[in-house]
Structure formats: C-alpha cells, structure tokens
Amino acid sequence: MTVVAVHHAGSGGGWTHRACARCLARERLIPLVFHPLRHDGSRLTYPEIVPGELVATLAPLGESPVLAAPIGRLLAAVARTKDRTLDADQRHAAHDAARAAVARLREAARQESGTVREPR
C-alpha cells in the first residue's frame, strides 16, 4: 500500500490515505512522497498529458526513488503550461517541456520495471 494523501487534524493525529497498485492506476494517483513541497497533502493525480498505459506502468513501482526527479519535472512543466502570463512562444515551450518530462518519466519507469530485484 502506498501513501497518497494525509490530513493533519489540529486536535489529533489526522488520517493517512493509502492505495494499492490497482487503485493507483485506476485513479491516476501520484504517491505522496512525490507531491510538491507546497502541496497541501490531498490526493494528487497525474495530469492528462500522462497516458493511461504509463500510469499503469508506474503504479506497481509505488514510491521508487528513481521516479522522484522525473515526476518533479513533470509537475513543474505542467504547472508552467497553465501560467496565463506566458506569451505564445513561452506557452509552446512549456508544452514541449511537459512532453519531454513525460518521455523522461517513461524512460525512468522502463529502467525501474526492468530492474531485477534480488531477494535479501
């Protein structure tokens, strides 16, 4: 089970939301460990630019540290595409960066999926 959200209660412990790999894929959830630092801890889903088959490939990898940098780049690039202060050229460049981030994420997932884990 992978932690995907937390809710801090002012007077108590709050709660932690966990999801299995199937739920991660079905609901397109990003593990909490990869959420941006300023995020409030609620559930965060992969942006639409990430194809469903890639989300399904990422789900069994859960919180693999190999995915941290590519997911961070993806979220930053997608946020930039939504910046309304950009001119047309900057917006185009932001979309290119988002597509490149998806490609990097796909490569990281491929490498991590191909890693054979030895039993300890």
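Predicted model: local features only at pLDDT ≥ 70, side-chain atom pairs only at ≥ 80, totals over all residues.

Me: Why is Ser-64 called buried?

Reply: Ser-64 has a relative accessible area of 5%, and buried means under 20%; therefore Ser-64 is classed as buried. The residue is found in the loop between helix H2 (52-58) and helix H3 (68-81).

Me: What makes the pairing of the Ser-64 and Glu-112 side chains a polar contact?

Reply: The two side chains come to 3.1 Å, and the limit for such a pair of N or O atoms is 3.5 Å; the contact therefore qualifies. Not counting residues up to four places away in sequence, Ser-64 touches Phe-34 as well as Glu-112. Glu-112 is itself among the buried residues of H4, and the buried residues of that helix pack against H2 and H3.

Me: How do you know that the span of helix H4 is close to the expected one?

Reply: Helix H4, residues 88-114, has 27 residues and reaches 39 Å from its first C-alpha to its last. The expectation at 1.5 Å a residue is 39 Å.

Me: Why does His-17 count as partly exposed?

Reply: The relative accessibility of His-17 is 26%. Buried requires under 20% and exposed over 50%, so His-17 falls in between and counts as partly exposed. His-17 lies in strand E2, residues 15-19.

Me: What makes the approach of the His-17 side chain to that of Arg-43 a polar contact?

Reply: The distance is 3.4 Å, and the cut-off is within 3.5 Å; the pair therefore meets the criterion. Beyond its neighbours within four places in sequence, His-17 is also in contact with Thr-2, Val-3, Val-4 and Ala-5.

Methods:
Residues numbered from 1 in each chain as written. Heavy atoms only, no water. Helix = DSSP H or I, 4+ residues; strand = E, 2+ residues; numbered from the N terminus. Buried < 20%, exposed > 50% of the residue type's maximum accessible area, 1.4 Å probe, protein only. Polar contact = N/O pair within 3.5 Å; in protein donor to acceptor, adjacent residues only side chain to side chain. Contact = heavy atoms within 4.5 Å. Expected span 1.5 Å × (residues − 1).
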